[in-house]
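Welcome, and thanks for opening the viewer. Keep your selection tool ready, and we will walk through this structure one stop at a time.

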Amino acid sequence: MNLADPVDLIGKKVHVRKNSSYYERLHNLEEEIGGDINIITLPGEKTTDEIIKMVVDDSIDFTISDDNVASINQTYYPILDIETQVSFSQRIAWGVRSNSPSLLKKVNDWVERSKKQDFYYVIYDKYFKNKKSYSRRIKSEFYSKNEGKISEYDSIIKTNAERIGWDWRLLSSLVYQESRFKPTEKSWAGAGGLMQIMPATAKDLGIDDLHNPSENLKAGVLYLEQMREKFSKVTDSVQKIKFTMAAYNAGLGHVRDAQRLTKAAGENHLVWDDHVEDFMLKLSSREFYTKPQVKYGFVRGREPFLYVKETFLRYDHYRGLIPLHSPETSL
C-alpha cells in the first residue's frame with residue numbers, strides 16, 4: 001500500500017513506539033493535515049529496525065522512522081516505499097540543564113574526543129554519509145572476461161592474495177565489495193582507496209598514500225592478516241576467512257559479541273555459517289545487544305552478514321568464469 005502524500009495517512013493505522021519522537025510527530029501531523037491518524041503503539045523494547053521489518057513481513061502497514069534509518073533498511077528490503085516525508089529535516093541536539101555547566105563540559109569533551117577516533121567516522125559514514133553503499137551487486141563488470149581478467153588491478157591483487165594465502169579471485173571479490181575497483185573512492189571521514197582504509201589505520205600500518213592502489217591493497221591485506229590472527233581457534237580455513245571478513249567489516253568487538261552469544265546459546269562459536277552469523281543478525285535487537293555477554297552494544301548485524309555472503313557469492317561467480325591461473329602462467 002503506497003502513499004502519495006501525508007494526507008493519505010488519515011484513517012490509516014500507523015505503528016510506532018509510544019513515548020518516542022515518532023509518536024509525538026504523528027500527533028503533530030494530525031493537526032497539520034486536519035485529520036485523525038490511527039496511531040497504534042508498540043512495546044518500548046521494539047527497535048525501529050524491528051518495526052520496519054514488521055512492515056516488510058506485512059504484519060503492519062505503516063511506520064515512520066528517521067530518513068537515514070529508512071534508507072539503510074531499503075537497501076536490505078527493496079520492497080519498502082520510503083518516499084513519503086512526514087516532516088521537514090529536523091535538527092537534533094542534546095540538552096542539559098542550564099545549571100549543569102560541568103555536565104555540559106563533560107559532554108562536549110566526550111564529543112571532541114570521539115571525533116578524533118576512527119570509530120566516530122566509521123559510524124557516521126555507515127549510517128549517514130554512505131547510505132547507498134550497503135547494496136552491492138553480486139556480479140560486477142569484468143575488465144576482460146575473454147582474457148581471464150577481473151579488473152585492471154589483477155596483478156597487484158594476485159601479489160597480495162599470495163601473501164595472505166587466498167585465492168586471488170576471492171580477494172578481488174572483497175575489493176569490489178569495498179570500492180567497486182575505484183581507487184579514488186573516498187568517504188567523508190577520509191577512508192578510501194580500493195580497500196577503504198581509514199587514515200589512522202594506514203598510518204599504523206606504515207602506509208602513506210591511501211589512493212595508491214598498490215599501497216592501499218597492501219594496507220588492506222595487512223589489516224586482514226591482523227584480523228585473521230584473532231581467530232586462531234577457528235580450525236576450518238573457510239570459516240576463518242568468513243570471521244576475518246566480518247571483523248574487517250564490522251569490527252572485531254562486534255564479532256566477539258556474536259561469538260559470546262552463540263556460545264551462551266549452546267551453539268558452535270567457532271563456526272560462522274548458521275551459527276555466529278545468526279547471532280550477528282540478532283545484535284540489532286535490544287533483546288540481544290543488552291545481554292551481559294555483549295560488550296560493544298548495538299550493531300546493524302545485517303551489514304556484516306550480507307558482506308560475507310555477497311563476497312562469497314561473487315567469488316563463486318568469478319570462479320565459474322575466470323581461471324585461477326592465466327594461460328601464460330598455468331602449470
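Is Glu 277 buried or exposed? Select Glu 277: with a relative accessible area of 3%, Glu 277 is buried (buried means under 20% relative accessible area, exposed over 50%, and partly exposed in between, using a 1.4 Å probe and protein chains only). Before moving on, note that this is a predicted model, in which local features need pLDDT of at least 70 and side-chain atom pairs count only at pLDDT 80 or more, while totals for chains, interfaces and linings use all residues. Residues are numbered from 1 along each chain as its sequence is written, and side-chain values use heavy atoms, leaving out hydrogens and water.

**Around Glu 277**

Glu 277 belongs to helix H12 (helices are DSSP runs of H or I with at least four residues, numbered from the N terminus). Show its surroundings and you will find contacts with Trp 272, Phe 305 and Lys 309, not counting residues up to four places away in sequence; contact means heavy atoms within 4.5 Å.

**The nonpolar cores**

Next, select Trp 166, Leu 171, Met 195 and Met 245, which touch the most other members of the largest nonpolar core, a group of 51 residues. Such a core is a set of buried Ala, Val, Leu, Ile, Met, Phe, Trp, Tyr and Cys residues joined through side-chain atoms within 4.5 Å. Helices that each supply at least two residues of this core include H6, H7 (168–179), H9 (213–229) and H10 (237–250). Zoom in on Trp 166: beyond its neighbours within four places in sequence, Trp 166 is in contact with residues including Leu 171, Leu 224, Ile 241 and Met 245.

**Charged pairs**

Side chains of opposite charge can pair when their charged atoms come close. The structure holds 9 salt bridges, each being a side-chain nitrogen of Lys or Arg within 4 Å of a carboxyl oxygen of Asp or Glu. Select Asp 49 and Arg 300, whose side chains meet in one of them at 2.7 Å, N to O. This pair links distant parts of the chain, with Asp 49 in helix H2 (residues 48–56) and Arg 300 in the loop between H13 and H14, 251 residues apart. Both Asp 49 and Arg 300 are buried.

Then try Asp 109 and Lys 105, which form a salt bridge with their closest N and O atoms 2.9 Å apart. Because they are 4 residues apart in helix H4 (residues 101–114), about one helical turn separates them. Lys 105 is exposed at 53% relative accessibility, whereas Asp 109 is partly exposed at 30%.

**A buried Asp**

Jump to Asp 154 in helix H6 (residues 154–164). Asp 154 is buried yet has no salt bridge, and the nearest side chain of opposite charge, Lys 158, is 5.4 Å away. Its side chain does reach the backbone nitrogen of Ile 150, at 2.8 Å.

**Colour by confidence**

Finally, colour by pLDDT, the predictor's confidence in each residue from 0 to 100. The chain's mean is 85, and 86% of its residues reach 70 or more. Among the elements, H11 has the highest mean (97) and H5 (residues 118–129) the lowest (59). Over residues 131–139 the pLDDT is below 50. Where pLDDT is low, the predicted coordinates should not be read in detail.

Technical notes
Lys and Arg count as positive and Asp and Glu as negative; His and the chain ends are not counted. A polar contact is a pair of N or O atoms within 3.5 Å; within protein, one must be able to donate a hydrogen and the other to accept it, and residues adjacent in sequence count only if both atoms are side-chain atoms.
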